[in-house]
Amino acid sequence: MPTSGAIQIKGKAANWLMYPCSADEVPLSGSEYEQALEQWLSSLKSTAKEARAQQENAARDSVLQQLWVELEDEDDWKPYYCVLNVVHGLAFYEDKEDSVHNADEPVLELPLDQMKSASRAPGIDFYDGVIDV
């Protein structure tokens, strides 16, 4: 199949004719047209998939907040490294290195779509800095 030639696209309201700049090129035959159109569509889908993957990776790398926190676990408080980002929401790791090297494997996770609200916890002085989610 030739790698160049004219492609005609017909729509309800408009028609387009895409053609090469060179005057010595000829329009594609029916089967060549279909094959070229399928290759073009496949290329567009592949490019869109790559763009989505890059966007997701950028969002994953986009940390909104990170800090050490303590979570209550059966009447005991344990330290976790907490990372807030768009992909995982609140993700808790046993140490900071895990948040970098094993970002897709948090110990605990609370996705953003499951959060209804977040506010400073009411209570006596030892609640200072505590957030209820």
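# Notebook: strands, a hairpin pair and a nonpolar patch

Entry 1: I began with β4 and β5, which form a hairpin with 3 residues between them. I kept in mind that I was looking at a predicted model. The two strands run antiparallel, and I found 5 bridges joining β4 to β5, which spans residues 89–93.

I then looked up who faces whom. Asn85 stands opposite Gly89 in β5. Val83 has Ala91 of β5 opposite it, and Tyr81 has Tyr93 of β5.

How many residues of β5 are buried? I found 5 of the 5. To count as buried, a residue must have under 20% relative accessible area. Because 5 of its 5 residues pass, β5 is largely enclosed by the rest of the structure.

**Entry 2: the whole chain.** I stepped back to get my bearings. The secondary structure comes to 2 helices and 8 strands. Reading from the N terminus, I noted the order β-β-α-β-β-β-α-β-β-β. The protein has 133 residues, and buried ones make up 15% of them.

**Entry 3: the sheet around β5.** Next I asked which order the strands of the open sheet take. There are 4 strands, in the order β3-β4-β5-β6, and the pairing is antiparallel. β3 and β6 (108–110) stand at the edges with a single partner strand each, so one side of each has no neighbour in the sheet. Ignoring direction, neighbouring strands of this sheet are turned by 25° against each other on average.

I also checked the link between β5 and β6. These strands pair in the antiparallel sense over 3 bridges. For Phe92, the bridge partner in β6 is Leu108.

**Entry 4: the β3 and β4 hairpin.** I moved to the other neighbour of β4. Strand β3 (residues 63–73) pairs with strand β4 (residues 76–85) in the antiparallel sense, over 10 bridges. One of the pairings I looked up is Glu72, whose bridge partner in β4 is Trp77.

This hairpin has 2 residues between its strands, and there Glu74 takes a positive phi near 50°. What is the phi of Asp75? It is near 65°, a positive value in a residue other than glycine.

Asp75 sits in the loop between β3 and β4. Is Asp75 buried or exposed? Its relative accessibility is 74%, so Asp75 counts as exposed, the cut-off for that being over 50%.

Entry 5: I went looking for aromatic pairs, and the count comes to 1. The partners are Trp68 and Tyr81, arranged edge-to-face, with 5.3 Å centre to centre and 70° between the planes. Trp68 is in strand β3 and Tyr81 in strand β4, 13 residues apart, so the pair links distant parts of the chain.

**Entry 6: a nonpolar patch.** For the surface, I looked up which residues make the nonpolar patch. They are Met18, Trp40, Leu41 and Leu44, and the patch covers about 370 Å². Helix α1 (residues 30–61) gives the most to the patch, with 3 residues.

Trp40 lies in helix α1. With 40% relative accessibility, Trp40 counts as partly exposed.

**Entry 7: one last distance.** I ended at strand β1 (residues 7–10), which holds Gln8. Gln8 counts as partly exposed because its relative accessibility is 38%. How many residues apart in sequence are Gln8 and Leu37? The answer is 29, and in space the two are 9.7 Å apart, C-alpha to C-alpha.

Methods:
Residues numbered from 1 in each chain as written. Predicted model: local features only at pLDDT ≥ 70, side-chain atom pairs only at ≥ 80, totals over all residues. Heavy atoms only, no water. Patch = residues over 30% accessible without salt bridge, like charges linked within 9 Å, V, L, I, M, F, W, Y side chains within 5 Å. Areas by Shrake-Rupley, 256 points an atom, 1.4 Å probe, with all protein chains shown as cover. Salt bridge = Lys/Arg side-chain N within 4 Å of Asp/Glu carboxyl O. Buried < 20%, exposed > 50% of the residue type's maximum accessible area, 1.4 Å probe, protein only. Pairing = 2+ DSSP bridges. Phe/Tyr/Trp six-rings, centres within 6.5 Å; stacked < 30°, edge-to-face > 60°. Axes fitted to C-alpha atoms, helices over the stretch in contact; angles between N-to-C directions.
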